[in-house]
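I opened a notebook page for this structure.

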Amino acid sequence: MLFRKSDKAAADEEYTAYVRTTMDRWRRVAYLMAGDWDRGDDVLQQVLTELYRNWSRARKADSLDALVRTMLLRRFIDGQRLGWARVRLGTELPERAGATGADPTDRLDLVTALRQVAPRQRAVLVLRYLHDLSVEETAKTLNCSPGTVKSQALKGLEKMRHLLPSPVSVPRSQQ
């Protein structure tokens, strides 16, 4: 489909506005899935490039956020299947200023523990507890059953409880 110059410019402006308003949220989600900022940024860049290429169809989606979330998750899981996911260039996370008054060591403990959880479980934990999706929404995003989401969340939370020092608060409910 050929766009007139004005149609293309309007679509570019719409895409730019969407990315500008959601970039920080998607970057945090990608970071938590990937376990580090650089890998998260790589995954997000792949998603944003794909989204731009398919913007004419994507902008017509019932829920653009759900579409982007699914794309992000799929690019992350695809990346885990490749060897690059196992490459670690450094042993320390870069220092980032916390957005809340929470203890930064708790955040680092959570991120370190989250890195050690299996990728599928990590995806469930990020979608359920960071992104506040329901079991059903998470299942739809991951293309699996709600029972799988519940079992993966349970296994992921148990692993995190085992890895974390006791005072860090991890959700106990999967409801």
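Among contacts in the protein chain between residues at least 6 apart in sequence, what percentage join residues at least 24 apart? I looked this up and found 67%, where contact means heavy atoms within 4.5 Å.

I noted that this is a predicted model, in which local features need pLDDT of at least 70 and side-chain atom pairs count only at pLDDT 80 or more, while totals for chains, interfaces and linings use all residues. Residues are numbered from 1 along each chain as its sequence is written, and side-chain values use heavy atoms, with hydrogens and water left out.

I then read the secondary structure: the protein chain has eight helices and zero strands, taken as DSSP runs (H or I of at least four residues for helices, E of at least two for strands) numbered from the N terminus. Of the 175 residues in the protein chain, 39% are buried, that is, under 20% relative accessible area with a 1.4 Å probe, protein chains only.

Next I looked up helix 2 (residues 37-53) and helix 4 (residues 64-81), which pack at an angle of about 125° with their axes 9 Å apart. The two helices are therefore oblique to each other, since angles under 35 degrees count as roughly parallel, over 145 as roughly antiparallel, 65 to 115 as roughly perpendicular and the rest as oblique. I listed the residues making this contact, among them Val43, Leu44 and Val47 of helix 2 and Val68, Met71 and Leu72 of helix 4. By class, the contact has nine nonpolar, two polar and three charged residues.

Methods:
Axes are lines fitted to C-alpha atoms, for helices over the stretch in contact, and angles run from 0 to 180 degrees between N-to-C directions. Ala, Val, Leu, Ile, Met, Phe, Trp, Tyr, Cys and Pro count as nonpolar, Asp, Glu, Lys and Arg as charged, and the others, Gly among them, as polar. Buried means under 20% relative accessible area, exposed over 50%, partly exposed in between (1.4 Å probe, protein chains only).
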